[in-house]
Amino acid sequence: MEETIREKLKHWLEHGLIFLKWVACALLMGLVLGAAGTLFHYCVDGANRYSGQYPYLIWFLPLGGLLIVFLYKITKMERDQGTDLVIRSVRSTEPISIKTAPLIFVSTVLTHLLGGSAGREGAALQLGGSMAAQVGRWFRFDEKDERIMVMCGMSAAFSALFGAPLTAAVFSLEVISVGVMYYSALVPCVLSAVVGCGVAVYFGVIPVRFHLTGIPEMGALPLGKVILLAALCAVLSVVFCLVMHLSGKAYGRLLKNRYLRILAGGLLVIGLTYLFQTRDYNGAGMEVIHRAIDGGEARPEAFALKLALTAVTLGAGYRGGEIVPAFFVGATFGCVMGPLIGLDPSFAAGIGLIALFCGVVNCPLTSLLLGVELFGVQGVLFYAIAVAVSYMLSGYHGLYRGQKIIYSKTEPTFINTTST
């Protein structure tokens with residue numbers, strides 16, 4: 001009896017010490033990456049603002065691209081696989097270089113400053129994951145603990161940049177292996193996300209929020225309309241992923257030299273920008289997303305043009321992320337399609353945003369929390385329906401090739417395949 005009590009006390013003590021270790025690590029990562037994410041936010045935000053104020057800067061995009069390739073080459077990081085490597089590192093022993101952090105920081109700011117079409121949250125995942133992995137190595141953590149540190153860093157940086165701590169924490173747990181949640185990292189991811197967001201807010205970063213209107217009463221007809229819109233967004237998410245993947249392959253086949261590739265991509269972005277006769281599709285495009293959701297206004301072709309310009313930009317080798325472009329495509333598509341099927345354009349834009357996001361990242365719980373944090377809880381049942389439909393109908397396509405699909409989306413079967 002005494003031996004059993006002694007073993008239980010020892011067990012509780014070990015768990016208590018592990019808990020304290022991860023609380024300390026989460027606080028450290030939240031403070032450090034909250035500050036780094038805040039600085040990144042202001043730099044990217046300033047780059048977008050200057051790009052809008054001085055339109056001639058886009059003519060320097062090809063030169064900026066050459067600089068990006070040069071920086072990755074001299075640091076011997078030209079084969080860096082970005083977010084895919086960060087995701088794979090949580091499941092394997094693949095190391096993440098600390099050089100990823102400054103490289104993705106500088107190259108993303110350059111891409112936005114000079115008019116490339118890209119996001120920022122994907123870059124934040126690389127920034128947070130690489131810095132956290134380095135801290136884990138400094139602390140001489142073993143491989144398993146270093147993986148938790150990577151997820152902790154991803155959560156803190158994403159949360160600081162976007163102001164959605166629940167979404168950031170769960171995304172890091174859910175995106176690695178679809179069908180499996182890494183609950184061992186729950187405490188550090190949640191704490192680091194909350195602290196990272198708090199640091200960003202303290203330094204004046206305003207969390208991203210939208211004013212969603214036109215939410216219908218629950219009923220058979222509105223439910224059917226939301227299911228239809230979510231199904232359409234699932235199809236579009238497959239198109240989004242295919243276009244993003246195929247653009248990079250097309251550049252690689254046509255132009256083997258990375259300098260020529262990014263130079264051609266920069267010239268294409270300039271040409272398309274003047275062809276479209278608007279700067280709505282350059283940069284992150286948050287203003288257009290706000291117009292679609294807050295104002296219920298979007299041009300019919302906006303989602304297609306944003307997808308095209310983002311694929312041209314990132315496929316050529318410019319840096320940034322795909323998440324905000326996915327928000328843009330989903331919100332504008334929903335805003336346009338909503339009135340055609342009898343939904344309010346603002347409400348449909350919100351549904352489109354979370355449904356398309358779910359389709360491209362295969363993270364339904366994250367997408368549901370994203371809807372709650374961005375739009376409030378009033379339409380939460382519709383959000384849940386939309387992400388469930390999009391998750392199932394988007395198949396096994398995804399933005400991140402490093403992501404594993406552990407279980408089938410249509411039956412309780414272990415499949416263990418990579419997203420396509």
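1. Let's start with the overall make-up. The chain holds 16 helices and 3 strands. Its radius of gyration is 21 Å, close to the 22 Å that the globule rule gives for 420 residues, so the chain is as compact as a globular protein of that length. Please keep in mind as you read on that this is a predicted model.

2. The C-alpha trace spans about 80 × 60 × 45 Å along its principal axes. The accessible surface of the chain comes to about 17,500 Å², and carbon and sulfur atoms account for 68% of that surface.

3. How much of the chain is buried? Of the 420 residues, 56% count as buried.

4. H12 is mostly covered, with 12 of its 15 residues buried. Among the buried ones are Leu 305, Leu 307, Leu 309, Val 312 and Leu 314; Lys 306 is on the buried list too.

5. What covers the buried residues of H12? The cover includes helix H4 (100–113), helix H9 (220–254), helix H10 (258–276) and helix H13 (323–340). Just after H12, have a look at Gly 317, which takes a positive phi of about 120 degrees.

6. Helix H4, one of those covering elements, deserves a visit of its own. Its 14 residues reach 20 Å from first C-alpha to last, close to the 20 Å expected at 1.5 Å a residue. H4 is itself mostly covered: 11 of its 14 residues are buried, including Leu 103, Ile 104, Phe 105, Val 109, Leu 110 and His 112. Just after H4, Gly 115 takes a positive phi of about 95 degrees.

7. An α-helix has 3.6 residues a turn, so residues three or four places apart point the same way.

8. Finally, turn to the surface. Tyr 50, Tyr 54, Tyr 56, Trp 59, Phe 60, Leu 63 and Tyr 274 make a nonpolar surface patch of about 800 Å². Leu 63 sits in helix H2, residues 61–74. Is Leu 63 buried or exposed? Its relative accessibility is 53%, so Leu 63 counts as exposed, the cut-off being over 50%.

Note on methods
Residues are numbered from 1 along each chain as its sequence is written. This is a predicted model: local features need pLDDT of at least 70, side-chain atom pairs count only at pLDDT 80 or more; totals for chains, interfaces and linings use all residues. Side-chain values use heavy atoms; hydrogens and water are left out. Patches are made of residues with over 30% relative accessible area and no salt bridge: like charges are joined within 9 Å, nonpolar side chains (Val, Leu, Ile, Met, Phe, Trp, Tyr) within 5 Å. Accessible areas come from the Shrake-Rupley method with a 1.4 Å probe; for residues, only the protein chains shown count as cover. A salt bridge is a side-chain nitrogen of Lys or Arg within 4 Å of a carboxyl oxygen of Asp or Glu. Helices (H or I, at least four residues) and strands (E, at least two) are DSSP runs, numbered from the N terminus. Buried means under 20% relative accessible area, exposed over 50%, partly exposed in between (1.4 Å probe, protein chains only). Contact means heavy atoms within 4.5 Å. The expected span of a helix is 1.5 Å times one less than its number of residues. The radius of gyration is taken over C-alpha atoms; the globule rule is 2.2 Å times the number of residues to the power 0.38.
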